[in-house]
Amino acid sequence: MPPTPRPAPYLLRRFWGYVHKLLVKFSYYYYCRWNGIQLLGQIYQLPFGLILKWSDGTRLEEALTMQVARAAGLPVPRVVCYGEHPDAPHAPVSILMTRMPGQVLSGELWDWYLPVEKAIIISELKTYLDTMRSWPSPWTPPTRICAASGGSIRSIRVPDKQVGPCQDEKDFNRYLLEPAWHDPDRSLEWYKQQQGQAAELHSESHRVVFTHGDLTPWNILVHEGHVSAILDWEAAGWYPEYWEFTTAWRYTPAGNWWYEIVKELTGGRYLRNAEVIWQCGL
């Protein structure tokens, strides 16, 4: 695993934050209108093959993780610079990066591919994931659950969308289960049964591996039958080994094209983890 770079100096981040505010205005009022480009939420299109991401979930850790992943040879946009916005606590960091070629992986696009092309895309995804998961943790203890920088990690699956750093999986599981509550639409017996299943599942020991954290079709670009980019690294970090795939399966019914892709990536592992997690709302 390439070393995580040191963050840019604070004053430099503030400077780039000011520049990024100007770029947002330029993108919104001029560039996109001149070129008939559809505005995509908090992603701002710019000339010279650049885009600016300034969203609610963007943090410094995302920029640092992208630099690590790109240095390791993964298909990730190059980070040009990142800015800091202390006056916008809901979106404290913006990232200027290169635009990657390709289309978002969708069910419609997937149906057009031949079986051999589908096999190539799945093989490439598996290679990239296996590469990340093989990285030795630089932290002590190596069971530490944290971001690439060693700090807290952001995930939509955890309370308050932020967790850690945790010293080990038990500490992580304790944090996940503490806010569990009884759904009044369910019986107390059902609730206790599901909590018991979750506790049993969490009693198992798992490796802690580097994880993208939000592996979904809309974060994958494909171009000419190959994976051209993996996007949106805001949730990346060190997690229990099942986390990548149970997150990818979230809200995806069995038999769905994406469900089957993830199932093939795992070789069928972690299905039990996913079922319990869905039932318990974890």
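Arg-174 and Asp-171 sit three residues apart in helix α5 (residues 169–177), so about one helical turn separates them. Their side chains meet in a salt bridge, with 3.3 Å from N to O. A salt bridge here is a side-chain nitrogen of Lys or Arg within 4 Å of a carboxyl oxygen of Asp or Glu. Arg-174 counts as partly exposed because its relative accessibility is 48%. Asp-171 also counts as partly exposed, at 27%. Buried means under 20% relative accessible area, exposed over 50%, and partly exposed in between (1.4 Å probe, protein chains only).

The model is predicted: local features need pLDDT of at least 70, side-chain atom pairs count only at pLDDT 80 or more, and totals for chains, interfaces and linings use all residues. Residues are numbered from 1 along each chain as its sequence is written, and side-chain values use heavy atoms, leaving out hydrogens and water.

## The chain as a whole

The protein chain has nine helices and eleven strands. Both are DSSP runs numbered from the N terminus: helices are H or I with at least four residues, strands E with at least two. Of its 282 residues, 50% count as buried. The accessible surface of the chain comes to about 14300 Å². Carbon and sulfur atoms hold 56% of that surface. Areas come from the Shrake-Rupley method with a 1.4 Å probe; for residues, only the protein chains shown count as cover.

Contacts reach across the sequence. Take those between residues at least 6 apart: 67% of them join residues at least 24 apart. Contact means heavy atoms within 4.5 Å.

## Salt bridges

The structure holds eleven salt bridges. The table lists some of them.

| Pair | Closest N to O distance |
|---|---|
| Lys-53 and Asp-232 | 2.9 Å |
| Glu-61 and Arg-59 | 3.8 Å |

Lys-53 and Asp-232 form a salt bridge. This pair links distant parts of the chain, 179 residues apart. Lys-53 lies in strand β2 (residues 50–53). Asp-232 lies in the loop between β10 and β11 (237–240). Lys-53 counts as buried because its relative accessibility is 7%. Both residues also belong to a network of salt bridges, which links Lys-53, Glu-62, Arg-154, Asp-232 and Glu-234.

Glu-61 and Arg-59 make another salt bridge. Both of these residues are buried.

## A sheet of three strands

Strands β5, β9 and β10 form an open sheet in the order β5-β9-β10, with antiparallel pairing. Two strands pair if DSSP finds at least two bridges between them. The edge strands are β5 (103–104) and β10 (226–230), and each pairs on one side only. Helix α4 (residues 115–133) packs on this sheet and touches β9 and β10. The direction of α4 makes about 40° with that of β10. Axes are lines fitted to C-alpha atoms, for helices over the stretch in contact; angles run from 0 to 180 degrees between N-to-C directions.

Two bridges join β5 to β9 (residues 220–223), and these strands run antiparallel. Val-104 has Leu-221 in β9 as its bridge partner. On the other pairing, β9 and β10 run antiparallel over four bridges. Val-222 stands opposite Val-227 in β10. The hairpin of β9 and β10 has two residues between the strands, and Glu-224 there takes a positive phi near 55°.

## Two buried residues

Gln-45 lies in strand β1 (residues 43–46). Gln-45 counts as buried because its relative accessibility is 13%. Leaving out residues up to four places away in sequence, Gln-45 touches Ser-27, Tyr-31, Cys-32, Ile-37, Leu-40, Leu-50, Ile-51 and Arg-99. With the side chain of Arg-99, the side chain of Gln-45 makes a polar contact at 3.0 Å. A polar contact is a pair of N or O atoms within 3.5 Å; within protein, one must be able to donate a hydrogen and the other to accept it, and residues adjacent in sequence count only if both atoms are side-chain atoms. Phe-26 is 19 residues from Gln-45 in sequence and 9.5 Å away in space, C-alpha to C-alpha.

Thr-266 is found in helix α8 (residues 257–266). Thr-266 counts as buried because its relative accessible area is 9%. Not counting residues up to four places away in sequence, Thr-266 touches Phe-245 and Trp-249.
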